[in-house]
Amino acid sequence: MTFDLVAKDPASKARAGELTTAHGKIQTPIFMPVGTAGTVKAVHQRELKEDVKAQIILGNTYHLYLRPGLNVLEKAGGLHKFNGWDFPILTDSGGYQVFSLSGTRKIIEDGVKFRSHIDGSSHLFTPENVMDTQRTIGADIIMAFDECTPYPCDYTYARNSMERTHRWLQRCIDRFDSTEGKYGYEQTLFPIVQGSTYKDLRIQSAETIASKNRPGNAIGGLSVGEPAEMMYEMTELVCDILPSDKPRYLMGVGTPANILENIALGVDMFDCVLPTRNARNGMLFTTQGIINIRNERWKEDFSPIDAELGGYVSTFYSKAYLRHLMHATEMLGAQIASVHNITFYLWLVGQAREQIIAGTFRTWKDEMVKKLMTRL
């Protein structure tokens with residue numbers, strides 16, 4: 001994997017770059033739609049390519065390990081062959097599930113014992129077998145096994161968790177560097193910065209991660225309930241330490257405003273379930289602001305969902321029709337809304353990239369944040 005910086009914004013820390021993987025190039029800043037179980041919910045691969053214009057998607061190690069299972073994925077030739085997506089894929093390590101499934105897991109030094117949410121069976125994730133699992137899934141970018149601390153989190157727990165994450169990281173690196181991919185192409189390992197919302201821990205973790213000299217780095221443990229301003233403070237602190245010639249991935253973020261503000265701080269890569277999850281509940285992100293399509297005001301609005309955005313679903317279907325589908329609980333409603341929202345997210349980061357290259361990002365960003373978070 002290679003990363004080339006194309007431009008820097010003169011009035012912020014925003015950057016435009018190009019990430020090259022075995023399955024294609026990625027123009028940064030980029031948003032990566034989340035395909036937890038090998039699918040971006042309610043969206044065909046053809047729509048992802050042709051309408052959304054996604055350049056990379058995510059898979060979830062925990063979920064794919066449990067179902068369909070590694071045997072199926074390996075026989076298929078990896079996740080790319082299994083789901084028909086031939087662009088880059090990133091897999092998370094299961095570390096977030098360590099956080100979110102706290103009722104069914106136990107953290108030990110060797111790794112994490114947990115029970116399947118599907119059938120209650122017992123499993124153990126270690127740094128070593130998580131590397132092997134992600135090798136088998138076949139992602140282009142794989143994440144180190146970490147612990148994502150909750151918010152709020154006391155200092156002692158945050159420090160102990162961070163130190164464990166660093167020990168696990170070295171085990172991940174040792175295993176990753178001593179193994180090869182199964183499908184004949186290069187894979188890349190990203191370490192993850194932790195440290196909760198404590199400045200000294202975030203600095204220590206960022207310095208540790210930077211010292212590992214991997215091709216890219218991630219920032220975890222944010223967007224877990226802390227105030228947005230605290231997220232921005234931690235992100236800026238970490239971005240100032242992580243090497244500028246390597247991509248920076250802020251995990252699990254976020255709203256359109258979150259994305260634009262973090263681009264301004266030097267982040268290159270984002271993912272979040274928000275656009276598709278909110279879509280299924282009728283919340284649409286548009287070029288003019290936020291719409292709750294279930295509201296009465298759209299009942300007889302026969303204008304396109306978002307004419308300015310472009311793309312098939314956003315210009316072909318009307319607000320009134322989509323509202324009808326949502327109230328009738330028709331599956332097509334969730335599909336249209338999901339395609340629309342992730343199309344918007346890809347449009348947003350594409351616009352940000354153009355503004356960075358033009359040297360006008362900061363002014364544009366300040367205007368867009370206010371506009372895009374307005375409720376219509």
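1. The crossing of helices H10 and H14 is right-handed, a term used when the near helix is turned clockwise from the far one by less than a right angle, left-handed being the anticlockwise case. Helices (H or I, at least four residues) and strands (E, at least two) are DSSP runs, numbered from the N terminus. This is a predicted model, in which local features need pLDDT of at least 70 and side-chain atom pairs count only at pLDDT 80 or more, while totals for chains, interfaces and linings use all residues. Residues are numbered from 1 along each chain as its sequence is written, and side-chain values use heavy atoms, with hydrogens and water left out.

2. H10 covers residues 256-264 and H14 covers residues 331-358; their axes come within 11 Å and cross at roughly 25°. Axes are lines fitted to C-alpha atoms, for helices over the stretch in contact, and angles run from 0 to 180 degrees between N-to-C directions. H10 and H14 are therefore roughly parallel to each other (angles under 35 degrees count as roughly parallel, over 145 as roughly antiparallel, 65 to 115 as roughly perpendicular and the rest as oblique).

3. On the H10 side, Pro256, Ile259, Leu260 and Ile263 meet Phe344, Tyr345, Leu348, Val349, Ala352 and Ile356 of H14. The residues of this contact divide into ten nonpolar, no polar and no charged. Here Ala, Val, Leu, Ile, Met, Phe, Trp, Tyr, Cys and Pro count as nonpolar, Asp, Glu, Lys and Arg as charged, and the others, Gly among them, as polar. Contact means heavy atoms within 4.5 Å. An α-helix has 3.6 residues a turn, so residues three or four places apart point the same way.

4. Lys365 belongs to helix H15 (residues 361-372). With a relative accessibility of 4%, Lys365 counts as buried (under 20% relative accessible area; exposed is over 50%, partly exposed in between, with a 1.4 Å probe and protein chains only). Apart from neighbours within four places in sequence, Lys365 is in contact with Leu260, Glu261 and Ala264. Leu260 also takes part in the contact of H10 with H14.

5. Helix H13 (residues 319-327) has Lys319, Ala320, Leu322, Arg323, Leu325 and Met326 as its buried residues. The elements that cover them include helix H11 (274-280), strand S16 (283-286), strand S17 (289-292) and H14. After H13 comes Thr329, with a positive phi near 50°.

6. Three strands form an open sheet in the order S7-S8-S9, with antiparallel pairing. Strands S7 (105-108) and S9 (122-125) are at the edges, each pairing on one side only. From one strand to the next the twist averages 15°. Two strands pair if DSSP finds at least two bridges between them.

7. S7 and S8 (residues 111-115) are joined in the antiparallel sense by four bridges, and they form a hairpin with two residues between them. Lys106 stands opposite Lys113 in S8. Four bridges also join S8 to S9, where Leu124 is the bridge partner of Lys113. The hairpin of S8 and S9 has six residues between the strands, and Gly120 in it takes a positive phi near 80°. Helix H7 (residues 155-177) lies across S7 and S8, running at about 75° to S7.

8. A second open sheet has five strands in the order S4-S15-S14-S13-S12, with parallel pairing. S4 (30-33) and S12 (192-193) stand at the edges with a single partner strand each, so one side of each has no neighbour in the sheet. Within this sheet, S13 (residues 217-219) and S14 (residues 248-250) pair in the parallel sense over three bridges. Ala218 has Tyr249 in S14 as its bridge partner.

9. Thr197 lies between S12 and helix H8 (199-211) and, at 19% relative accessibility, counts as buried. Not counting residues up to four places away in sequence, Thr197 touches Tyr151, Glu226, Met230 and Met234. Lys41 lies between S4 and helix H1 (45-52); at 42% relative accessibility, Lys41 counts as partly exposed. Leaving aside neighbours within four places in sequence, Lys41 is in contact with Thr276, Arg280 and Ser338.
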